[in-house]
Amino acid sequence: MSGGGCGACYSAAVNARPDLANRSVPRVTLLIPAALRMHCAGAEVIALDAATVRAALMAAGLRHASLVQHVLTRDGQLRPFVKIFVRSDDVRDHQGLDTPLLDGDRVMIVPSVAGG
Amino acid sequence: MKARDRRLAQLRVAIPEIAPAQALALLQRGAVLVDVREHGEIAQGLADGAVALARDSLELCIEDLAPDPAQPLLVICGSGVRSLFAAHSLRELGYQDVRSVAGGFNRWKDEGLPFHLPKLLDADARLRYARQIILPEVGEAGQQKLLDARVLLVGAGGLGAPAALYLAAAGIGTLGLVDHDLVERSNLNRQVIHTDDRVGEPKVESARRALLALNPAVRVQTHPVRLAPENVEDIFSGYDVIVDGCDNFATHYLANDACVRLGLPCVHGSIFRYDAQISVFWPAAPGGGPCYRCLYAEPPPPELAPSCNEAGVLGVVPGVVGLLEATEALKLVLGVGRPLVGRLLCYDALNLSFHELNVRPDPACACCGAGKTFPGYGKYGQSCNAAI
């Protein structure tokens, strides 16, 4: 299996960027898959400020409520047919929706699709 | 004395000769035994552990086999004459430890040393697959693996059509097709295995005709049924690799679950408009790997599934994805490269971008999690069952 980040590596990466400590909230990009773009006026990316994956989704939800409804359950859990990746890693392998974000991170929403 | 005999006398002084039994002992200690006889002679028998490398391609190919000039090489032919000439050529290439097997394969066999009758490609196959046989990762041995392989395509549609054509062209020996649909004219913008005059025919029959027209040597097995819990294991158990090119969640999950249960690799492809996902789900892989449910534990309910009926598709997108799936299937059969196990490739055709994402096995996976027993096939529903 290809290598990727682990929780410890991710924390190390955060700690290695003390410059970010001075910035209150990282600027990140949410990448919207084709299957969900109808819920955000066709946008492919949404730029926003968020310190965690959950905060990024909540910020997006302020503008596009139905987008977040397709990603999260009513009680705020990730739906079992949607994945979120940061730095190529499934957030499940880090701190889930509480995974911290760095300035410049790209947060990919990857829902299951079935066409063929 | 003839010039030939004079030359042989010189070579016998220059090249060490060893008895077949000594060669066998050296082979077992790491030497490479190279048989330089012609194709037809090899068909009569090949010493166990020997590599067939015909005299006319010896100098061109030996470095693929033995890149280290310090590698001990043993050369064998029919009677021990041609091997002297071949050994001399290898010396001139820079190999330092080259010996000729005295008496050749004839003596090897007479002395009761182990040999086998190798499966060899016939003349048509050597011509048909010539361009891939010359790839070091394929060779005649790899081509034989392809001919021996059994690959099942789940779906003979947008993904299965291009995959099946290229797998047949590559010489996969047995290709299975499972699909219960009939060819429709609206399929033809992407399902390039079918033709306008076959609209209305069962897809598996239409595909079978196309595959046999391309490569009559392929054995095509058709399964004109809807894949279901009741038949999936009977069908899958006859194959080595499953290529999932279906168009609905229910079948993706069923194919995954059956592959996990049977230990088979499942080459997955799925698309939505210009986006696609490709991976190889294979918990039984050497080193392990995730299954589809490790990635997506459950399918979406119909009300949250992407609306297939409204989606549409540009035919080239499933074409690209189907060929990526075919590539992974060929790699798995050949045992070369790094299969897409534990990685999800996301393809965005509009922006022409590929993202590779890490997918790890989910310890809590209901299907393949450690210590979990197979939960049974259950009900799969029909969330968004329309072909796009």
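**Close-up views of a predicted two-chain model**

**View 1. A salt bridge between the chains.** Arg360(B) forms a salt bridge with Asp93(A), with 3.4 Å between the closest N and O atoms. The model is predicted. Across the interface of chain B and chain A, the rule finds 3 salt bridges. Arg360(B) is also one of the residues of chain B that lose the most area to chain A; the others are Leu304(B) and Asn358(B), and together these account for 22% of what that side buries.

**View 2. The interface of chain B and chain A.** The contact draws 43 residues from chain B and 31 residues from chain A. About 3100 Å² is buried between chain B and chain A, and carbon and sulfur atoms give 57% of this area. In this predicted model, the rule finds 18 residue pairs in polar contact across the interface, with both residues at pLDDT 80 or more. Several elements of chain B each supply at least two residues of the side that touches chain A: helix 13 (249-262), strand 12 (266-272), strand 13 (275-281), helix 14 (292-295), strand 14 (343-348) and strand 15 (353-358). By residue class, the side of chain B that touches chain A divides into 22 nonpolar, 12 polar and 9 charged residues.

**View 3. The largest nonpolar core, around Ile172(B).** The largest nonpolar core has 45 residues, and Leu167(B), Ile172(B), Leu175(B) and Leu211(B) have the most contacts inside it. Helix 15 (residues 316-334) of chain B gives the most to this core, namely 8 residues. Leaving aside residues up to four places away in sequence, Ile172(B) touches Leu146(B), Ala149(B), Val151(B), Leu167(B), Val218(B), Leu330(B) and Val333(B). In soluble globular proteins, nonpolar side chains tend to be buried together.

View 4. The side chain of Thr99(A) reaches two backbone atoms: the nitrogen of Gln95(A) at 3.0 Å and the oxygen of Gly96(A) at 2.6 Å.

Terms used
Residues are numbered from 1 along each chain as its sequence is written. Chains are lettered from A and ligands numbered from 1 in the order in which they are written. This is a predicted model: local features need pLDDT of at least 70, side-chain atom pairs count only at pLDDT 80 or more; totals for chains, interfaces and linings use all residues. Side-chain values use heavy atoms; hydrogens and water are left out. A nonpolar core is a set of buried Ala, Val, Leu, Ile, Met, Phe, Trp, Tyr and Cys residues joined through side-chain atoms within 4.5 Å. Buried means under 20% relative accessible area, exposed over 50%, partly exposed in between (1.4 Å probe, protein chains only). Helices (H or I, at least four residues) and strands (E, at least two) are DSSP runs, numbered from the N terminus. Contact means heavy atoms within 4.5 Å. Buried area is the accessible area (1.4 Å probe) that two parts lose on being put together, summed over both. A salt bridge is a side-chain nitrogen of Lys or Arg within 4 Å of a carboxyl oxygen of Asp or Glu. A polar contact is a pair of N or O atoms within 3.5 Å; within protein, one must be able to donate a hydrogen and the other to accept it, and residues adjacent in sequence count only if both atoms are side-chain atoms. Ala, Val, Leu, Ile, Met, Phe, Trp, Tyr, Cys and Pro count as nonpolar, Asp, Glu, Lys and Arg as charged, and the others, Gly among them, as polar.
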